[in-house]
Structures are given as C-alpha cells and as structure tokens.
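This briefing is intended to be read alongside the sequence and the model.

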Amino acid sequence: VHLAVLHLKTITMKTIILCFLTLILLVQAKQDVSEELVEYYLRLLQEYVNKSAQWERPIDNRKLFQPNDEEAEPVDHGHYDFIIVGAGIAGSVLANRLTESGKYNVLVLEAGGHEDNFTDVPGFVPYLARSEFNWGYITIEQKNCCLGMKNSQCNYPTGRAVGGSSVINFPIYVRGNRKYFDKWGSENPGWDYKSVLPYLKKSENASLRWEDPGYHGHNGSLNVEDCRNYPEETNVFLDAAEQRGREILDYNGKNQNGYSTMQMFTKEGRRCSANKAFVKPAMKRKTLEILDHALGTKILVKDKTAYGLEFIRNRTKYIATASKEVIISGGTINSAQILMVSGIGPKQHLEELGIPVVQDLPVGETFYDQQTCPGIMFSTNISANEPDMKQYIRDYLTGSGSLTSTLGISGIGYDILKIRSKNRSIQYIFGSGPTEVASSFFLDWLEMKNETWQALSRNLSGKYMWAMFPILQEPKSKGTIRLKTKDPLDYPVLDSNLYSDDDDMERMLAAIKDIFEISKTPAFQRIDSKYVSDPLPACKHYEHLSSDYWTCAVKQLTYPIVEGVSTCRMGPKDDKSSVVDNKLKVHGIDRLRVVGAGVIPFSFSHPAPAVYMVGEKAADLIRKQYGDL
C-alpha cells in the first residue's frame, strides 16, 4: 500500500509539473518581444564579452581604494546607532529590518556598486567572473584539487556589489537538510531546524508548482520559483530517478532525499538578488544611509568595546562611530579579513604580521567549502541546434529558456551511497544543453586549462550533452584564510585545501561511479547516453576510467563551489574553534557582531538561503535587545 501511495504521489507531482509548464509555455507564446529590446541585450552581452576579454585580475584593493593622502587624518563621517560593514545577503537583510521601525539611524558600507540588466540574466553568470562585480579572489596553488585549472589554483568568484554574491552566483535555492540545522542547534540554542524554519519562510515569496504545506513562505520579498528552463532532458533525469526507486519531492520541504526540478532565486526567470528583495524597498527611508564603493578597513575598539569604523571612499579616509553596535557582514572572506587587521584573530598570526592583538580568536582558521567535480558529461542522440542567442534572449524576455538558468541546470537530487557499510549523502546537480554553451563556464568561471577542457569536450563538439555535478555533503577537509600583510588594502590568502581528508576522495569516487550507473538507466539509454571524453592529459598513464584514473582526474577537476563558510564560526565560549556566540556576538568584544555565512559552524550545502535566515534572525535578536520588538 505504501509503495502504491508513493507511486501515485510521484505520478501526481509529475503531472502537475507538466501541466504547469504547458500553461506557462502557452502564455509565453502569446507574448511579443520587441526587436529593439532583443538588440539591446545583444549589445549588452557583446559589451560584457569585450570587457571580460580585457579584464585583469586585481591582486589587491589599491586600484580602487588607495588613499590620495596616506598621512591625512580620517574625515569624520558622523554618528549612527548601527554601522553595517557589507551589503551582501545578510547585510542587505539587516539594512532593511533595522530601519523598519524608523527608530535607528543605520550606515551601511559596501565596497561594490549596483547590479544591472546583465547581472539579472542567470545564463550570463559565467561572464561575471571576469567583471567589476567580482572581487577577483583566487586560492594559493593547491595540492589535491584544481590541478587542471590554471596554475593549479581555484578561481574564487565572490560578489562585490550591493547584494553581494547574490548578484553573481548560480541563483539556485537549496536550504540544506534539517539534520544540519539540528546539528547547528545542538551546541547553539535557537539554531535548530524548528527554531530557524520561521526565518527561512519569512524572507521567502514562493511560487512553486509543487510544495510541501507548511515549509515555504509566501509573503516575503525574496522570490523563489521553479526553474523555468525545462528541456525534455529534465524529464529523462526524473524518469531515471524513478527507475532507481527514488522519490520525486520538494527537496526544501519535509524530506530531502529524492529528486526534483530546481528551485531558483528568480522572478519570471530573472535573478532576484538580496539588493532587489531587501535594499531597494528600503532605499527611501530617511534612517538608512548606504555608501557604495566604500571599503571598511578597521574596526575601532577601546576597552574591549567596538565603537566605530574606519573606511575609504573616493580615495579619502573616513571614520564613523556607532552608539549601539558595529555589525560585520562582509561575507566569509572579508569578514575574517577586517576582524584580523583590526587585531581580532589568532594571536600568533597577528603578531607575526605586527598587528597589535585586541582579542585572541581563531578567525580564519576554519574555512569549509563543498567540492564538486565538473566535467562529467555524456553525449546524447538529441539534435544540437546551432546556438541562437537572439532566440535565447527572446525566450528569456518571456520568462523561459536556457538563459533563465545557469549552465542549463534544471534538476537536483539527493541520494544515499553505501560506502564501507555506511550511508553517505550526496547531492547531484543536473544540467543539459549544447556543449559549446558550457565553454564559458569551464574557461572563464573555473579558469580551466585549455588542454583539460579540450580533452573533456573534443568528442562532444557539436553535440547535445547532459552533465551531472556531484557535490559532497559535509566534507571533512578544511582550509584557511590568512592575511598576507597587516595592510587592509592587500587581499587575504585563501587555501581551500580540498581532499586533505581521504574520506572526501572516497565519497567523490563513489559518486562518480553512481553517476555512470544513472547513465545506464533505460531513461538515459533512450537518448543514447555515452561518456566519450578523452583521457585528461595529466592522467593518461592510468587505464582510462579505472579507479586510479578517476583518483587522478578528480584532483584535476575538483573545484570548490565558492560558497565558503565557518571562518567566524559560531559556538559556545568554551569552544576554542568558535568566534561568535549564539547571538552572533564576538567573544570578548562588546557591541560587535558578525552576521553572515562565516558564522555557520560547519560545511553547508549552498548556504545562501541559510544566510538570509541568519540575517533575519540576527535582526530580531538585535531589535529585541534594544526594545524595538
């Protein structure tokens, strides 16, 4: 009976999906798009392609923020109740929520500028890695990952804009398993799944064709919808899941283990960033001041109490003070940097750089990121039409087609792999499309060596392919973020250090083996799925597709999903690896909080929704403390 009910539920869900999509397509077919608008987007794309070709990776902040007079005293910019450093996801939420009542004057500093029509297009994401919206970070040379990338370094695109990385990232909506939140809350009261679910729902304005009742919000300002890029291959992906006995479900709902179409941070196919959802609606409030192109350089602390901030804007040094709190929301990398240059960090590291120690805390000593192995692509017998950018743009402007997603991504799955008698969770991201469309992702976003890309793609040229991105859940390997110098204008030093724990390699190899089993299902064999890539140049001395070959290939291809966490991790005061407590207050420093991805205490799957939640919960904690709720 249970199996029959499950089968009926699956059939019902797929029927709803197909009916919903048919309705959308019929509506879109009636919409006219002006050729003038299509030509505008073509010109915009060409403009960004040209800029991308000329882009040079910044090695520090001096080109934008070097003061005209190094010796000049900072100009007094004024006094506020709160100063927020960084208008990324969490900072955007705080900017909105802390000014709702009108009781507090809030200054927000953001090093980047404002998004534009180009950043709205999910399908244009690869070009944003080589644009002004990216800080330009890159890891040091790696030992066990990114070996097939230029200089064996992992490119680390990070959003520098009002809205932060929500302006340039893959806008996929993945909350994470409830067990992760319960693990988080086990040492940090108030952060278990039951406690944070209301905050996950608070931001959300979901418009989904299938959802578990009670698990989604519909009154927030952050638009979430099903992926509007829905090629027939997505049905193949879901059919294959059913043939393997997997459930089709709402992966952000009651249960996570199963398969689904992707949920996205988009509205009618256009990116919905933190800026659109939270900053723009608050811009006209008299109590909110947002300074773009402003770089926070030092937290001012006296007698273990934060009281202000130094920053640079228009090549002039400024100082602003706060009567209540300084809130650091610079993201995982920049939050760690400004804390350390301000003397809050690992004592030995700070002393080596000549930074007076204000508070000895393990800032930057834990840097988790999930890893994926891009490049597992299969040929099909589906006709690959010549990419027609004009038609892609027309489709996008009517809210459909490949540009409404990134890399043709349209599906997601959570599966359980049996490894040495243990059940281990793996996430699969599914995408499909003409091989040539993927080249900008591999060459511009990943910065893959040309010979590596040629080995992967040569036999797929001119073909329609599908790809699966395996993403480890709760990897054990951890990296670090360190300062290069004590100068806040110098970039920090990133070390992803993936596969420093052998368990992660074992799980990735098991996932790749499972993907080949997925390719063998009747669903994928209907489209003649075949792995045809040549051996990677660095792995030719191993038998092609053997276990030894894949161990070598994984080190060449594995790449962090550039959604790092834990550099300012949350934990009780007696936890020597923690930086903030469960109220996000920095241990040992009054009136200073960190709010953002850096506080998440362990590796987390696509943390953007969780960071919105952190911002929402932080706003309530702060407002309650000061009697505003």
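The structure is a predicted model, in which local features need pLDDT of at least 70 and side-chain atom pairs count only at pLDDT 80 or more, while totals for chains, interfaces and linings use all residues. Residues are numbered from 1 along each chain as its sequence is written, and side-chain values use heavy atoms, with hydrogens and water left out.

**Overall architecture**

- The chain contains 18 helices and 23 strands, these being DSSP runs numbered from the N terminus (helices: H or I, at least four residues; strands: E, at least two).
- Its radius of gyration is 24 Å, close to the 25 Å that the globule rule gives for 629 residues, so the chain is as compact as a globular protein of that length; the radius is taken over C-alpha atoms, and the rule is 2.2 Å times the number of residues to the power 0.38.
- Along the principal axes, the C-alpha atoms fill a box of roughly 70 × 55 × 55 Å.
- Of the 629 residues, 62% are buried (under 20% relative accessible area, with exposed over 50% and partly exposed in between; 1.4 Å probe, protein chains only).
- Among contacts with a separation of 6 or more, 74% join residues 24 or more positions apart, a contact being heavy atoms within 4.5 Å.

**Surface and charge**

- The accessible surface of the chain is about 24,200 Å², and carbon and sulfur atoms contribute 50% of that area (Shrake-Rupley method, 1.4 Å probe; for residues, only the protein chains shown count as cover).
- There are 73 positive and 76 negative side chains, and the centres of the two sets lie 3 Å apart. Lys and Arg count as positive and Asp and Glu as negative, without His and the chain ends; each charge is placed at NZ of Lys, CZ of Arg, CG of Asp or CD of Glu.

**Helix H12**

- In helix H12 (residues 389-397), the buried residues are Tyr392, Ile393, Tyr396 and Leu397.
- Viewed down the axis of H12, these residues fall within an arc of 130°, so they line one face of the helix; the arc is that of the directions from the helix axis to the C-beta atoms.
- The cover over the buried residues of H12 includes helix H2 (35-54), strand E8 (270-271) and strand E18 (422-434).

**Buried residues and their contacts**

- Asp369 sits in the loop between strand E14 (359-360) and strand E15 (371-372) and is buried at 3% relative accessibility. Beyond its neighbours within four places in sequence, the contacts of Asp369 include Tyr156, Pro475, Leu498 and Ser603, together with Pro560, Ile561, Val562, Glu563 and Gly564.
- Gln556 belongs to helix H17 (residues 547-557) and is buried, with a relative accessible area of 10%. Outside four places in sequence, Gln556 contacts residues including Cys146, Leu147, Gly148 and Met149, as well as Leu536, Ala538 and Cys539.

**The loop between E22 and E23**

- His587 lies in the loop between strand E22 (559-560) and strand E23 (592-594) and is buried, with a relative accessible area of 8%. Past its neighbours within four places in sequence, the contacts of His587 include Gln359, Leu361, Gly571 and Ser578.
- Leu584, in the loop between E22 and E23, has a phi near 70°, a positive value in a residue other than glycine; Leu584 is buried at 0% relative accessibility.
- Arg591 is placed in the loop between E22 and E23 and has a positive phi near 60°, but Arg591 is partly exposed, at 32% relative accessibility.
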